[in-house]
Amino acid sequence: MTFIKFIGKTIGVTGYVLQYACLTHCTFEYVGDFVMCSGPSMEPTLESNNILFTEHITPRLQRLKRGDIIIAKSPVNPKQNICKRIIGLPGDKVRGHFPKRSQIVPHGHVWLEGDNSSNSADSRGYGPVPQGLIRSRVVCRVWPLNKMCSLTEY
């Protein structure tokens, strides 16, 4: 009987572990997650190795607004994520880098730029970015602790 109790407890614990694993996966996939920022393109707002909390609901509901900082798949390298600020929404007139003339952001796209304009590969180089590439919206910086702050009030 002891072996049967052991098997029963093992199955019970395994069930709880699987439930929590599923809950954690769904939370990180559909609600929000943590992202480490790297590169100089968002300086001085964000620096390399900052850890950010991001949420996935706003992009899914297409409620993004101008000024939001987002995490997106790079339009030139899909294996890489980028962290940029939304400068233009569909229908907005924005100023491109090459050629130096204004253009309209097409439907279903956004115009992304880094805060460090002299050191950022962004929409000025590769053009408007499809909204489908946006993974999440940055809510706050959580690391380093002495620089923890909300990043949604711009």
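Start by selecting Asp 122, which counts as buried at 2% relative accessibility. Buried here means under 20% relative accessible area, exposed means over 50%, and partly exposed lies in between, with a 1.4 Å probe and protein chains only. The model is predicted, so local features need pLDDT of at least 70 and side-chain atom pairs count only at pLDDT 80 or more, while totals for chains, interfaces and linings use all residues. Residues are numbered from 1 along each chain as its sequence is written, and side-chain values use heavy atoms, with hydrogens and water left out.

**Salt bridges**

A salt bridge is a side-chain nitrogen of Lys or Arg within 4 Å of a carboxyl oxygen of Asp or Glu. Arg 124 is also buried, at 13% relative accessibility. By this rule the model has six salt bridges.

Next, select Arg 137 and Glu 55. They form a salt bridge whose closest N and O atoms are 2.7 Å apart. Arg 137 lies in strand E9 and Glu 55 in strand E2, so this pair ties together parts that are 82 residues apart in sequence. Helices (H or I, at least four residues) and strands (E, at least two) are DSSP runs, numbered from the N terminus. Arg 137 is buried, with a relative accessible area of 13%, and Glu 55 is buried at 10%.

Then go to Lys 65 and Asp 68, another salt bridge, with 3.7 Å from N to O. Are these two residues buried or partly exposed? Lys 65 counts as partly exposed at 44% relative accessibility, whereas Asp 68 is buried at 4%.

**Strand E4 and its partners**

Select residues 81-88, strand E4. Six of its eight residues are buried, so the strand is mostly covered by the definition given above. Which strands pair with E4? Strand E3 (residues 69-73) runs antiparallel to E4 and is joined to E4 by five bridges. On the other pairing, three bridges join E4 to strand E7 (residues 109-113), again antiparallel. Two strands pair if DSSP finds at least two bridges between them.

**Cysteines**

Select the cysteines. How many disulfides are there? The count comes to zero, a disulfide being a pair of cysteine sulfur atoms within 2.5 Å. Cys 37 is in no disulfide, and the nearest cysteine sulfur, that of Cys 83, is 4.4 Å away. Cys 37 counts as buried at 6% relative accessibility, while Cys 22 is partly exposed at 48%.

Move to helix H1, residues 2-31, and pick out Phe 6. This residue is exposed, with a relative accessible area of 53%.

**Backbone details in the loops**

Select Pro 44, in the loop between strand E1 (32-36) and strand E2 (51-55). The peptide bond from Glu 43 to Pro 44 is cis, with omega near 5 degrees. The E1-E2 loop also holds Asn 49. Phi of Asn 49 is near 70 degrees, a positive value in a residue other than glycine, and Asn 49 is partly exposed at 49% relative accessible area.

Gln 62, in the loop between helix H2 (57-60) and E3, also has a positive phi, near 55 degrees. Gln 62 counts as exposed, at 63% relative accessibility.

A cis peptide bond also joins Trp 143 and Pro 144, with omega about 5 degrees. Pro 144 sits in the loop between strand E9 (134-143) and strand E10 (149-150).

**The annotated domain**

Finally, select residues 20-95 and 102-143, where UniProt, in an unreviewed entry, places the feature "domain: Peptidase S26". UniProt positions are given in the numbering used here, feature names are shortened, and annotations may be inferred rather than shown by experiment. Residues 20-95 are 21% helix and 34% strand, with end C-alpha atoms 48 Å apart. Residues 102-143 are 10% helix and 48% strand, and their end C-alpha atoms lie 38 Å apart.
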